[in-house]
Amino acid sequence: MPERDAGFTVPEVLIASLLSMLVLGASLASFNNAMTLADTSRIVSETNQGLQAAISVMTRDFIQTGQGIPRGGVPIPSGGTAVPIVRPAPAGPAQAFPSTWVTMPALAPGGGLGPSVLGVTTDAVTLFYADPTLALNEWPLAGIAADGSTMTVDARTPITGVDGIQPGDIILFSNALGNAMQMVTATNGTQTVTFAAADALGLNQRAAPQGTLMQLQSAPGTFPPTTATRLLMITYYIDATTDPALPRLTRQVNAGPRRAIALGAENLQLTYDLVDGTTNPSNVESPAAPNSANQIRKVNLFLAGRSLDISVPTRQFIRNSMAVGIGLRSLSFVDRYR
């Protein structure tokens with residue numbers, strides 16, 4: 001009797017194929033879930049890292065706020081025909097510091113001055129501190145023009161090169177008669193710097209009756225020994241104009257280029273703790289009389305943002321927020337992220 005050929009029957013093959021497909025399907029599903037989880041983890045991590053990096057930059061600036069700034073702020077042009085100082089702001093209608101100000105505080109709150117994003121009005125803030133990269137005040141100035149249009153820096157302080165004085169820099173003048181600010185409009189590769197009347201912020205209003213370099217003269221055309229310090233005016237706000245679909249936290253130095261430090265930033269909120277020796281108000285959006293910005297001692301910073309990529313499972317952006325409390329004019333404490 002002939003032997004039968006060994007092999008699988010059709011039902012056996014179908015059952016084996018079905019089981020293989022079930023195992024393969026389960027494996028693919030697990031692999032897809034793992035890939036989705038990894039992608040979500042990446043998006044969350046990138047979003048958090050972006051927020052942390054932005055808050056770190058802001059914290060660095062805030063803890064330097066007021067360094068090298070006279071107590072009570074710096075006088076600004078006021079009275080008579082003086083016009084308000086231009087305030088760096090997002091693209092759009094020009095903004096200015098309050099016309100009632102006669103001094104510029106080291107920290108100028110800007111509650112509600114940012115754009116509205118997702119139906120929420122954002123804040124802005126401007127702060128000042130002395131630029132530590134140039135020891136401009138090591139020696140008194142060699143000279144100041146009688147009309148305040150130029151200054152000549154002592155030859156022992158080089159002001160050319162990468163870290164030298166550039167157009168757009170803000171210079172603080174100090175002598176026994178007080179303080180004043182001007183903006184550099186031109187340099188010529190020498191020790192002499194020019195301050196033309198039409199600067200970007202309106203600091204060079206020397207015809208104003210108060211708050212200008214001309215009030216630092218001991219006699220017409222004569223300045224007593226005067227030192228100069230380069231200041232940094234740093235403004236933070238949300239820019240929702242450059243790319244409305246991708247708002248970003250912007251850092252602007254003086255009236256210079258707007259630089260994004262966090263893409264996807266959708267909300268910036270700031271409140272302040274004051275020290276007045278009486279009630280010591282906290283979480284104040286903007287100091288109001290009888291308090292002033294010069295009494296701010298702590299900044300409460302809230303920053304919210306979204307991911308750059310859409311999460312696969314939800315088909316939506318992932319959003320997160322961070323908050324930090326920053327002590328001013330003191331490195332005594334910086335609350336950790338919460």
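The model is a predicted one.

**Overall make-up.** I counted secondary structure next. The protein has 20 strands and one helix. I then looked up burial: 43% of the 338 residues are buried.

**Largest pocket.** I looked for open space. Rolling a probe the size of a water molecule over the atoms shows where empty space is left. The largest pocket comes out at a volume of about 280 Å³. It is lined by 17 residues, and Pro-98, Trp-101, Pro-105, Pro-287 and Ala-293 are the closest to its centre. I sorted the lining by class and got nine nonpolar residues, seven polar and one charged.

**Pro-109.** Which strand holds Pro-109? I found Pro-109 in strand S5, residues 107-110. Its relative accessible area is 11%, and buried means under 20%, so Pro-109 is buried. I listed its contacts, leaving aside neighbours within four places in sequence. They are Arg-87, Ala-124, Tyr-272, Glu-285, Ser-286, Pro-287, Ala-293 and Ile-296. Two of these names, Pro-287 and Ala-293, I had already written down for the pocket centre. I also took one distance: Ala-124 is 15 residues from Pro-109 in sequence, and their C-alpha atoms are 6.8 Å apart.

**The loop between S18 and S19.** Strand S18 covers 265-274 and strand S19 covers 296-311, with Pro-290 in the loop between them. I checked the peptide bonds here. Ala-289 and Pro-290 are joined by a cis peptide bond, with omega about 10°. Asn-283 sits in the loop between S18 and S19 too. Its phi is positive, about 55°, although Asn-283 is not a glycine.

**Asn-254.** I looked up another asparagine with a positive phi. Asn-254 has phi near 55°, and this residue is other than glycine. Where does Asn-254 lie? I placed Asn-254 in the loop between strand S16 (248-253) and strand S17 (258-263). Is Asn-254 buried or exposed? Its relative accessible area is 5%; the cut-off for buried is under 20%, so Asn-254 counts as buried.

I moved on along the chain to strand S20, residues 316-327. S19 and S20 pair in the antiparallel sense, over eleven bridges.

**Hairpin S11 to S12.** I went back to strand S11, residues 170-175. S11 and S12 run antiparallel, joined by six bridges. How many residues does the hairpin from S11 to S12 pass through? I found two residues joining S11 to S12. On the pairing itself, Phe-173 has Ala-180 in S12 as its bridge partner. I then checked burial along strand S12, residues 178-183. Five of its six residues are buried, so S12 is largely enclosed by the rest of the structure.

**Leu-216.** Leu-216 is in the loop between S14 and strand S15 (227-239). At 2% relative accessibility, Leu-216 is buried. Leaving aside neighbours within four places in sequence, I found Leu-216 in contact with Phe-173, Asn-175, Leu-177, Gly-178, Asn-179, Ala-180, Phe-223 and Pro-224. Both members of the Phe-173 and Ala-180 bridge pair are on that list. I took a distance here as well: the C-alpha atoms of Leu-216 and Thr-226 are separated by 8.7 Å, at ten residues apart along the chain.

Strands of a sheet pair through backbone hydrogen bonds, either parallel or antiparallel. Here the order is S9-S10-S14-S13, and the pairing is antiparallel. Which are the edge strands? They are strand S9 (143-144) and strand S13 (186-187), each of which pairs on one side only. I looked at the S13 edge. S13 pairs with strand S14, residues 192-194, in the antiparallel sense over two bridges. Ala-186 stands opposite Thr-194 in S14.

Technical notes. Residues are numbered from 1 along each chain as its sequence is written. This is a predicted model: local features need pLDDT of at least 70, side-chain atom pairs count only at pLDDT 80 or more; totals for chains, interfaces and linings use all residues. Side-chain values use heavy atoms; hydrogens and water are left out. Helices (H or I, at least four residues) and strands (E, at least two) are DSSP runs, numbered from the N terminus. Buried means under 20% relative accessible area, exposed over 50%, partly exposed in between (1.4 Å probe, protein chains only). On a 1 Å grid over the protein atoms alone, a cavity is a set of points where a 1.4 Å probe fits but cannot get out, and a pocket is an open set with protein on both sides within 12 Å along at least five of seven lines; lining residues have an atom within 4 Å of a point. Grid points are joined across faces, edges and corners, and a volume is the space filled by probe spheres set on the points. Ala, Val, Leu, Ile, Met, Phe, Trp, Tyr, Cys and Pro count as nonpolar, Asp, Glu, Lys and Arg as charged, and the others, Gly among them, as polar. Two strands pair if DSSP finds at least two bridges between them. Contact means heavy atoms within 4.5 Å.
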